[in-house]
Amino acid sequence: MKNLEEITEERIFYHFKEISKIPRGSGNEKEISDYLITFGRNLGLECIQDGALNVIIKKPASKGYENSPVVIIQGHMDMVCEKNSDKIHDFTKDPIKLVVDGDYIYADKTTLGGDDGIAVAYAMAILEDNTLEHPPIEVLITSDEEAGMSGAMAIQPNYLSGKIVLNIDSEEEGKLLVSCAGGIRTKSTLPVEWIDKKSETKEYTLAIRGLKGGHSGTDIHLEKGNSNKLIGRLLKEITKELDFNLVSINGGSKNNAIPREAEAIISINLKDEKKLIELKTRVCEELKREFGKKDPDLKVYLSDPESNVEKVFSDDTTSKVINLLYMYPNGVNTMSADIEGLTESSTNLGVVTTNENDVEYDSAVRSSVLSLREEIVERNKCVTEILGGTFTTNAGYPAWPYRQDSKIRDICKEVYSKMYGKEVEIVAIHAGVECGILEEKLGNLDMISFGPDIIDIHTPNEHLNISSTRRCFEYLLEVLKEIRA
């Protein structure tokens, strides 16, 4: 076991530590983008920063590789910002605190940012090391990947010449990613009619806590608890036996993360307090039986709200908000008939937010089949409009289809076999990487994606395997050595 200081004597972990000091949630990437540009310029390399804050740093070929094809090493600079409810942390200004535990690097009750900070650290270590053997390199670090891939969508084709892409945005060592799903974000909005709080009522906060959460693509098939859906179910059960008015409902923070926490404030008649406690207890017991193995720490809390309440949702608004939440599509839609165990299409109801005039429901829809993606979108739209809401979509991105003939795939397979004496696994995933967009923007590309073991990404339990990170870096360097004319 080593401590953080010993680990960060190695350049890849040193760079990871340094970028972890820089807040880099999606939409807050100016500082990290500028940092990377300064880093590249200090090395005397050609650097480009575009209007979307994407960074391109070009390094000439090493001796003997001058006639080799240009290789794009690609990752993204932003991270998903999630924290435990008891953790005080401002992702817009506070650094990520790294903790070494055995062979893993964690953060202190927040997401780590290994997705995709490790790609940035790898690229920086390669750019600064002039002892390496490699073809001409174009490092492409995109912005805003986690919130909608708008950085990749803004890339100017004339900035890049490479036709081979090594995407370092996968999280399982020993697997080569060759295809991924496309996706789109949806937003349903229900207007809120506010009324004065009724007489002889009291407010309670109902909260779902303790869920594991996870990545809305790679973990959706595990059928973990979704706090937004569970709070909707709890409220629906209460409506069967009690009259009440909603005051607010909020859950989740990112639509590409399975939400772990949600809470609703309700206003009930004083005479119904005992019944509410009974209902909460009953539903909690039901949920714990259902999710005992998937989410063993699931808890349902009932407490007094922290602020006084004067206005509540009308009866009609309360009913519509709960019914939309209860009926909203979520989870696996279809499984692939071609690849066993692969999710084909899904929805994640990631964020529910009460605003001054409305309640918003944000979801991430994923599918490797465009028609299925559109079918899910249409269902989301229908249920929203039936209840009087409005519906919009944004941040659609294409799937990355499997390529029958791939020289870079052949190279990666051969290098892995030589290094480890076994075959690498070829996989497709339900999550989205930027490869589909890159091909759409840059033309015909030969692409592969891989990376070290990163566990529980998009959650505060995210952790990066140190040994795996070293091995994957060595593997990346060997792959670069094999890309010749």
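This is a predicted model: local features need pLDDT of at least 70, side-chain atom pairs count only at pLDDT 80 or more; totals for chains, interfaces and linings use all residues.
**Stop 1: the largest pocket.** Start by selecting Glu-172, Thr-218, Asp-219, His-221 and Ile-429, which lie nearest the centre of the largest pocket. Its volume is about 620 Å³, and 27 residues line it. Now colour strands E8 (175-180), E22 (425-429) and E24 (454-455). Each of these strands supplies at least two residues of the lining, and E22 gives the most, with five. By type, the lining residues divide into eleven nonpolar, seven polar and nine charged. If you colour by domain, you will find at least three lining residues from each of domain 1 (4-181 + 400-482) and domain 2 (183-397).

**Stop 2: the second largest pocket.** Next, pick Asn-84, Gly-210, Leu-211, Lys-212 and Arg-260, the residues nearest the centre of a pocket lined by 16 residues. The volume here is about 360 Å³. Two of the lining residues are nonpolar, six are polar and eight are charged. Keep the domain colours on, as this lining too draws at least three residues from each of domain 1 and domain 2.

**Stop 3: the largest cavity.** Select Glu-145, Glu-146, His-215, Ala-431 and Gly-432 to find the centre of the largest cavity, which has 18 lining residues. About 160 Å³ of space lies inside, and the lining is made up of six nonpolar, five polar and seven charged residues. Where does the largest cavity lie relative to domain 1 and domain 2? Both domains give residues to its lining, so the cavity lies between them.

**Stop 4: the second largest cavity.** Move on to Glu-173, Gly-174, Tyr-416, Cys-472 and Tyr-475, nearest the centre of a cavity with 13 lining residues. Strand E8, helix H10 (407-420) and helix H12 (466-482) each give two or more residues to this lining. The largest share, three residues, comes from H12. The volume is about 80 Å³, and the lining holds seven nonpolar, two polar and four charged residues.

**Stop 5: helix H12.** At the N-terminal end, zoom in on Asn-465, which caps the helix with a side-chain oxygen 3.2 Å from the backbone nitrogen of Ser-467. Then show the buried residues, among them Cys-472, Tyr-475, Leu-476 and Val-479.

Note on methods. Residues are numbered from 1 along each chain as its sequence is written. Side-chain values use heavy atoms; hydrogens and water are left out. On a 1 Å grid over the protein atoms alone, a cavity is a set of points where a 1.4 Å probe fits but cannot get out, and a pocket is an open set with protein on both sides within 12 Å along at least five of seven lines; lining residues have an atom within 4 Å of a point. Grid points are joined across faces, edges and corners, and a volume is the space filled by probe spheres set on the points. Ala, Val, Leu, Ile, Met, Phe, Trp, Tyr, Cys and Pro count as nonpolar, Asp, Glu, Lys and Arg as charged, and the others, Gly among them, as polar. Domain bounds come from an automatic or database domain assignment. Helices (H or I, at least four residues) and strands (E, at least two) are DSSP runs, numbered from the N terminus. Buried means under 20% relative accessible area, exposed over 50%, partly exposed in between (1.4 Å probe, protein chains only). A polar contact is a pair of N or O atoms within 3.5 Å; within protein, one must be able to donate a hydrogen and the other to accept it, and residues adjacent in sequence count only if both atoms are side-chain atoms.
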